[in-house]
Amino acid sequence: MHQNSFGDFTYIISTNFSYVKNTVKELANVERDINSGLFVGHSLESIYGYIADGLFIDEADVANSATQPRTAKPGDIKFRDISGPEGVPDGKVDADYDRTIIGNTFPKFTYGGNLNAQYKSFDLSVQMSGIAGYQQMIGGYEGHAFYHGSSIQQWMVDNRWTKENPNPNATYPRLLILGGGEQQFYTSTYNIVDASFLRINNVQLGYSIPQVLTSKLGISSLRFYIGVKNLLTFDHFREGWDPELRTGYPPVKYSNIGVNINF
């Protein structure tokens, strides 16, 4: 904590920071528990899956790439062939040899801070918090926008792969009416995002009526204030999504105005 003052201006700054490093040392009779995200030598809550090399551009791209787990078509996710039975790439993407640790959902860093300042009758408070050093899988109906039952939004359609715009780095793969496209549902780096964020949770500005005036009103103190919740969020998550709740909805921002009266 740091505190200082300059004439009528006073401020207090306090911060918190924690760092967690963990490693799975041993599991009972196995080297990994995929469903639980446990792998010897790696962090808790590790993400195990394929490395994605974007989307297939066209049929030639499909033909010249490693065979995929499912029959691939242009606009599908392209998985990287990283190994095989002989320990080297074998031209075939296989669950036994081509999946690896691609991230983890266990945060390394947790941090926050508070600022309280006062100048004469004015006061200001700012509170912020954040988490860093971890990733999240974008899945479900929101992550797989073109899956049956999902809620398709216009920006998802606008940023998908199409034959007219075969962008290998499109946010979403090809649009499917029914069936197919199973590769987008495999766990891969294509659906992983950096979930780190810093959020200004609360800002409040207040003004206290001088006591010489409040005494004439027969009250001890009178303070007016205006505040904003979730003012700003700094992150690399998908645009419009809340990285803290990890949903396809933006964080709710709202303001309030109030009066504190002490008799």
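Visitor: Is F79 buried or exposed?

Guide: This is a predicted model. Buried means under 20% relative accessible area. F79 has 2% relative accessibility, so F79 counts as buried.

Visitor: How many aromatic pairs does the structure hold?

Guide: Ten. One of them joins Y50 and F79.

Visitor: Why is the pair of Y50 and F79 called stacked?

Guide: Look at the angle between the ring planes; under 30 degrees counts as stacked. Here the planes stand at 10 degrees and the centres are 4.7 Å apart, so the pair is stacked.

Visitor: Where in the chain do Y50 and F79 lie?

Guide: Y50 is in the loop between strand 5 (46-49) and strand 6 (52-55). F79 belongs to strand 7, residues 77-79.

Visitor: Is Y50 buried or exposed?

Guide: Apply the cut-off again. Y50 counts as buried because its relative accessibility is 4%.

Visitor: Which geometry do F122 and Y207 show?

Guide: Planes under 30 degrees apart are stacked, those over 60 are edge-to-face, and the rest are tilted. F122 and Y207 have 50 degrees between their planes and 4.8 Å centre to centre, a tilted pair. This pair also links distant parts of the chain. F122 is in strand 10 (residues 122-132), Y207 is in strand 13 (residues 197-208), and 85 residues separate them.

Visitor: What are the relative accessible areas of F122 and Y207?

Guide: F122 has 43%, and Y207 has 29%.

Visitor: Which residues make the nonpolar surface patch of about 790 Å²?

Guide: F6, F9, Y119, F122, L124, L205, I226 and I257 make it. Take F9 as an example. F9 is in strand 2, and its relative accessible area is 31%, so it is partly exposed. F9 also forms one aromatic cluster with F6 and Y11.

Visitor: What lies over the face of W241?

Guide: R238 does, at 5.8 Å from the ring centre.

Visitor: Where is E26, in a strand or in a loop?

Guide: E26 sits in the loop between strand 2 (9-19) and strand 3 (32-33). With a relative accessible area of 68%, E26 is exposed. The C-alpha atoms of E26 and L38 are 9.5 Å apart, with the two residues twelve apart along the chain.

Methods:
Residues numbered from 1 in each chain as written. Predicted model: local features only at pLDDT ≥ 70, side-chain atom pairs only at ≥ 80, totals over all residues. Heavy atoms only, no water. Helix = DSSP H or I, 4+ residues; strand = E, 2+ residues; numbered from the N terminus. Buried < 20%, exposed > 50% of the residue type's maximum accessible area, 1.4 Å probe, protein only. Phe/Tyr/Trp six-rings, centres within 6.5 Å; stacked < 30°, edge-to-face > 60°. Lys NZ or Arg CZ within 6 Å of the ring centre and 35° of its normal. Patch = residues over 30% accessible without salt bridge, like charges linked within 9 Å, V, L, I, M, F, W, Y side chains within 5 Å. Areas by Shrake-Rupley, 256 points an atom, 1.4 Å probe, with all protein chains shown as cover. Salt bridge = Lys/Arg side-chain N within 4 Å of Asp/Glu carboxyl O.
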